Amino acid sequence: MSLSVDVFVVGEDGQVNVLDVPEGSSDLAGFERWRTSVWGSDAVRSLGASFFPALASGDLKVFPDQVTEFLAECALIRSQLEVVAPRTDPAKSHAEYVWQISERLRNIEDAAERARGSAGGVLIW
């Protein structure tokens, strides 16, 4: 299983509508196990992150008025990828983890930028 990142908008009727992922973008946000081993890890929590750790216990919904703050948290995590990337997996090097997390974070950042442009929010599930 994989985590997905999507943009949502709230209609006038209050209905949440998930937007299609545009051509050239990806909705991959990591492996399901990354809920705890990456996004909800102690390393991410130690940075003072508040959005990503929510993935350890459920889905993450970033509301439109929170997107700018969420992008700041993405930048924080990006600046600390060496710290965030697990070092204990014998099947994968630390450098591989850094690269994979960077790529998935890029997809999340792209979705957040699209959300900001459409007055929408971000859903990671």
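Contact here means heavy atoms within 4.5 Å. You're looking at a predicted model, where local features need pLDDT of at least 70, side-chain atom pairs count only at pLDDT 80 or more, and totals for chains, interfaces and linings use all residues. Residues are numbered from 1 along each chain as its sequence is written, and side-chain values use heavy atoms, with hydrogens and water left out.

Start by selecting V9, which sits in strand 1 (residues 2-10); strands (E, at least two residues) and helices (H or I, at least four) are DSSP runs numbered from the N terminus. Leaving aside neighbours within four places in sequence, V9 is in contact with Q15, V16, N17, L19, S118 and G120.

Next, pick R35 in helix 1. At 13% relative accessibility, R35 counts as buried (under 20% relative accessible area, with a 1.4 Å probe and protein chains only). Show the backbone oxygen of G58, and you'll find a polar atom of the R35 side chain 2.6 Å away.

Now select W39, F52, F70, I108 and I124. Of the 32 residues in the largest nonpolar core, these touch the most other members; such a core is a set of buried Ala, Val, Leu, Ile, Met, Phe, Trp, Tyr and Cys residues joined through side-chain atoms within 4.5 Å. Helix 5 gives the most to this core, with eight residues.

Zoom in on I124: not counting residues up to four places away in sequence, its partners include L3, F52, F70 and I108.

Note on methods
Buried < 20%, exposed > 50% of the residue type's maximum accessible area, 1.4 Å probe, protein only. Polar contact = N/O pair within 3.5 Å; in protein donor to acceptor, adjacent residues only side chain to side chain.
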